[in-house]
Amino acid sequence: MKTTAQSSLLKRWSLTALCVVLGLAFFMTEADAQRRGGSFGGFRRSSPSYAPSRPAAPSSSFGGSRSMTSPAPSSMQRSGSSFGGSRAMAPAAANYQRSYGIPRQSAPMSVPGASSPYMVHSYGGYTDGLMMGYLMGRTSAMWYTPFHPAFYYSRPTYVPGANGAMEVYPPTFSFFRLFMGLAIFGLIIWLVVRFFRRRAGGSTDSQSSFA
Amino acid sequence: MRELSIESNGSLEKTAVYINGEQIGGIHQMMLHINEDGDFDTIFVYEGTDKQMYTKNLFADYLDNIKKVPPTFTEEEAEFLRLLTVTSDGNLENTLVYINEEPQDGIVDLLVQIQRGSPAQRGGITSMFKKAEPGESPVFRAEIQYRNEDDSVSTESVFG
């Protein structure tokens with residue numbers, strides 16, 4: 001009985017000691033790796049420190065909608081030297097799509113006056129209507145006055161796509177135009193108030209020395 | 001000696017003030033109170049050419065940056081107006097009063113108070129959302145008191 005109890009106690013102690021050693025080894029290795037800053041040793045992190053710009057792939061290629069991310073143009077391919085040539089820019093369409101988000105619908109659309117159909121990205125809402133109005137040329141003079149909501153939105157954004165087709169993004173709300181509108185309204189109100197005040201209190205005319 | 005002339009029909013709209021023959025503009029307030037007892041109050045408040053407000057003694061002070069304007073009344077218009085002229089150096093003994101260029105005598109008291117009204121409020125757009133404060137109403141008062149030969153005193157309107 002005594003030997004059985006002793007062996008059981010020994011097993012428990014050895015198991016505990018093994019856990020402690022393993023734990024210490026883990027923390028020491030992790031701390032060491034952090035201190036050294038190297039790529040070797042330690043454990044791979046669950047989330048990589050470098051996040052690729054490519055969005056995470058869906059779990060399945062089937063279902064959902066096709067992503068409109070265009071392939072990188074050939075000009076993006078790096079040459080042998082950093083000197084000479086022209087600076088390669090990130091594709092504009094990708095930049096816009098990054099800021100706008102994923103469109104609800106992207107469909108080619110023939111636009112009056114355009115030789116090739118435009119790829120129109122729809123995000124829903126009021127700006128879609130504005131975009132269609134601008135594309136079809138169905139705007140009115142009121143759109144350019146602060147009395148119409150369209151005044152407070154920018155024009156649709158036209159981005160040349162990688163395959164030569166023009167991509168169109170809807171207008172966005174412009175705070176600059178909002179301030180412009182407020183300034184115009186303020187000016188109108190000021191002029192009206194000034195007119196009525198002058199009419200109400202205008203007891204003198206230019207003939208008087210008291211004008 | 002300074003010569004002050006006021007040409008008017010009794011209303012503020014048809015009132016021109018001349019100093020030494022030149023018409024003056026930008027006047028806000030004018031007060032003449034001269035009597036035989038020695039009161040000699042001549043207050044002149046005007047906006048100068050530099051947009052500053054000045055308050056001066058009309059016959060004693062130099063009128064800084066006073067705004068001179070071209071004559072506004074034609075001769076035809078002037079026929080329907082009366083002209084009060086006061087020449088003085090600030091002393092009662094050297095003060096002469098003319099009405100339509102006729103010298104006056106036996107004056108007991110001369111009171112001329114002309115003040116243009118000020119708008120109720122001036123505060124830009126924000127003033128629309130505030131309760132309007134009452135402004136100053138225009139004042140036009142011009143009276144002259146004479147002592148008659150029977151020692152009675154009669155009061156007349158200067159531009160009446």
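Leaving out residues up to four places away in sequence, Lys56(B) touches Thr42(B), Ile43(B), Phe44(B), Tyr46(B), Asp61(B), Tyr62(B), Leu63(B) and Asp64(B) (contact means heavy atoms within 4.5 Å). Keep in mind that this is a predicted model, where local features need pLDDT of at least 70, side-chain atom pairs count only at pLDDT 80 or more, and totals for chains, interfaces and linings use all residues. Residues are numbered from 1 along each chain as its sequence is written, chains are lettered from A and ligands numbered from 1 in the order in which they are written, and side-chain values use heavy atoms, without hydrogens and water.

**Lys56(B)**
- Lys56(B) sits in strand 6 (residues 53-57) of chain B; strands are DSSP runs of E, at least two residues, and helices are runs of H or I, at least four, numbered from the N terminus.
- Lys56(B) counts as buried because its relative accessibility is 18% (buried is under 20% relative accessible area, with a 1.4 Å probe and protein chains only).

**Nonpolar cores**
- The largest nonpolar core has 31 residues, and Leu4(B), Ile6(B), Phe44(B), Leu58(B) and Leu84(B) touch the most other members (a core is a set of buried Ala, Val, Leu, Ile, Met, Phe, Trp, Tyr and Cys residues joined through side-chain atoms within 4.5 Å).
- Strand 4 of chain B gives this core the most, four residues.
- Another core lies apart from it, with seven residues, including Met109(A) and Tyr118(A).

**Chain A**
- Chain A has four helices and four strands, in the order α-α-β-β-α-β-β-α.
- Of its 211 residues, 21% count as buried.

Note on methods
Buried < 20%, exposed > 50% of the residue type's maximum accessible area, 1.4 Å probe, protein only.
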